[in-house]
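Thank you for asking me to look through this model with you.

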Amino acid sequence: MTSKPEKRIGILTGGGDCPGLNAVIRAVTKTAIFDHNWKVFGIEDGFLGIIENRMRPLEPDDVSGILTRGGTILGTSNKADPIAYPTGVDEDGKPVFEDLTPTCLRHIKSRELDAIIAIGGDGTMSGAKGFVDGGVNVIGVPKTIDNDLVGTDITFGFQTAVAIATDALDRIHTTADAHHRVMIVEVMGRNAGWLALHAGIASGSDVILIPEIPYNLDVIARYIEKRKSVGRHHTIVCISEGAKEEGGEITVSKLDPTSPDPIKLGGVGNKLAHDIERLTGRETRCTILGHVQRGGSPVPADRLLGTAFGHHAVNLLAEGQQGRLVVMRDNKVTDADLIQSADKQRTVPLDDPLLQAARALDTCFGDE
Ligand code: F6P
């Protein structure tokens with residue numbers, strides 16, 4: 001005879017999607033059901049599913065075959081912050097926000113959920129703060145291609161994005177070589193340079209520009225000329241969307257005041273291409289990779305990380321832990337305080353060993 005389910009848990013994916021979300025959903029659902037005989041509810045479209053009370057039971061069959069799939073079977077939203085939810089506009093056309101945490105707490109109670117596993121980035125973790133304060137147990141699982149969440153050495157989704165960006169840079173390399181051009185590839189990452197740093201180094205990019213190191217145009221122009229003088233007629237530049245010139249500003253592609261993350265970055269690569277052509281007279285092209293970096297099947301490393309993170313999240317609940325964030329530290333899956341990690345971004349330290357290695361290989365970071 002099957003024993004009565006001891007717990008009812010909800011699972012949601014919040015913020016921008018990234019490859020590996022389905023690996024976590026699968027690991028959580030199967031561990032909770034096979035190991036503990038709990039009931040699992042999939043919350044649709046991130047926090048929006050709690051606000052609108054849209055949740056569905058998940059069974060092992062629902063998560064079968066999803067390990068290799070990108071996106072999320074539950075859907076996501078990067079606008080539905082329960083603490084500041086856009087409910088309309090005032091007479092000046094400015095968005096009006098409401099704290100819908102009480103509505104969410106009511107819906108969570110009506111479903112008799114004992115805990116929520118929230119898979120997300122810093123925005124999702126801060127949105128979950130109100131639930132923790134309202135007495136709901138939340139276990140966070142960190143995702144993002146930006147790899148910028150405080151408390152964990154790595155987030156899943158990052159390594160897939162690095163692989164996609166590296167492949168793009170490798171392809172750009174051959175056409176740059178053929179045409180003796182300067183070729184710029186702009187990658188995502190928000191205000192952290194992890195993606196540009198890793199893809200730039202993995203592809204052997206000549207110039208890597210990250211938000212943490214404002215660049216000097218003259219330094220870049222001299223570097224390109226120096227390469228030419230030794231017979232290197234092409235130059236590959238990998239630039240992060242959040243990079244900026246010394247004394248300059250970030251390049252904003254769009255402002256979305258209704259989003260918890262209202263500044264959308266993008267376009268700095270085009271600006272740099274224009275500046276390099278002006279300064280060096282060299283033909284320069286820019287490719288902006290955009291959302292292709294978040295799409296498609298996760299690489300094996302992200303499938304493994306997602307599986308290990310999902311399994312650990314359920315184990316934390318089984319141990320009776322509260323308000324924890326699953327993290328990877330020193331190659332070990334462990335956990336940290338969820339609230340302490342919310343609302344903060346982890347940027348690239350200037351003494352990062354990979355950054356130093358690239359400098360030693362004469363990679364230009366635009367600053368010396
Ligand atoms: O945080 C992930 C990310 O892809 C960033 O790298 C990028 O700046 C942002 O999301 C893009 O957001 P959106 O999907 O809203 O355009």
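1. Five bridges join strand E8, residues 182–187, to strand E13, and the two strands run parallel. Please keep in mind, here and below, that the model is a predicted one.

2. The pairing of E8 with E13 belongs to an open sheet of four strands, which has the order E9-E10-E8-E13 and parallel pairing. Strand E9 (207–209) and strand E13 (284–288) stand at the edges with a single partner strand each, so one side of each has no neighbour in the sheet. From one strand to the next, the twist averages 15 degrees.

3. Which helix lies across E8, E10 and E13? That is helix H5, residues 158–179, which runs at about 165 degrees to E8, while the strand E10 named here covers residues 235–240.

4. Helix H3 (residues 101–110) deserves a careful look, and its buried residues are Thr-101, Cys-104, His-107 and Ile-108. Because these residues cover an arc of only 120 degrees around the axis, they are on the same side of H3. On the other side of H3, by contrast, Arg-106 and Lys-109 are exposed. The cover over the buried residues of H3 includes helix H2 (47–51), strand E3 (55–58), strand E6 (115–120) and helix H4 (122–133). Just after H3, Glu-112 takes a positive phi of about 55 degrees.

5. How many disulfides does the structure hold? A disulfide is a covalent bond between the sulfur atoms of two cysteines, and the structure holds zero of them. Cys-238 is in no disulfide, and its nearest cysteine sulfur, that of Cys-286, is 11 Å away. Cys-238 has 0% relative accessibility and therefore counts as buried, and Cys-104 is likewise buried, at 0% relative accessibility.

6. Leu-265 has its place in strand E12, residues 263–265. Is this residue buried or exposed? Leu-265 counts as buried because its relative accessibility is 13%, and the cut-off for buried is under 20%. Leaving aside residues up to four places away in sequence, Leu-265 touches Arg-190, Asn-191, Glu-241, Gly-242, Ile-250, Thr-251 and Ser-253. Leu-265 and Lys-254 are 11 residues apart in sequence, and their C-alpha atoms are 7.0 Å apart in space.

7. The structure holds 22 salt bridges, and one of them is formed by Arg-56 with Glu-44, whose closest N and O atoms are 3.1 Å apart. This pair links distant parts of the chain, since Arg-56 is in strand E3 and Glu-44 is in the loop between strand E2 (39–43) and H2, 12 residues apart. Arg-56 counts as partly exposed at 30% relative accessibility, and Glu-44 also counts as partly exposed, at 21%.

8. The side chains of Glu-52 and Arg-54 meet in a salt bridge too, at 2.9 Å from N to O. Glu-52 is partly exposed at 42% relative accessibility, and Arg-54 is partly exposed with a relative accessible area of 25%.

9. Asp-146 forms a salt bridge with Arg-190, with the closest N and O atoms 3.3 Å apart. The two residues are 44 residues apart, Asp-146 in the loop between strand E7 (137–142) and H5, and Arg-190 in the loop between E8 and helix H6 (194–202). Both Asp-146 and Arg-190 are buried. Elsewhere, salt bridges that share partners join Glu-44, Asp-45, Glu-52, Arg-54 and Arg-56 into one network.

Definitions and conventions: Residues are numbered from 1 along each chain as its sequence is written. This is a predicted model: local features need pLDDT of at least 70, side-chain atom pairs count only at pLDDT 80 or more; totals for chains, interfaces and linings use all residues. Side-chain values use heavy atoms; hydrogens and water are left out. Buried means under 20% relative accessible area, exposed over 50%, partly exposed in between (1.4 Å probe, protein chains only). The arc is that of the directions from the helix axis to the C-beta atoms. Contact means heavy atoms within 4.5 Å. Two strands pair if DSSP finds at least two bridges between them. Axes are lines fitted to C-alpha atoms, for helices over the stretch in contact, and angles run from 0 to 180 degrees between N-to-C directions. A disulfide is a pair of cysteine sulfur atoms within 2.5 Å. A salt bridge is a side-chain nitrogen of Lys or Arg within 4 Å of a carboxyl oxygen of Asp or Glu.
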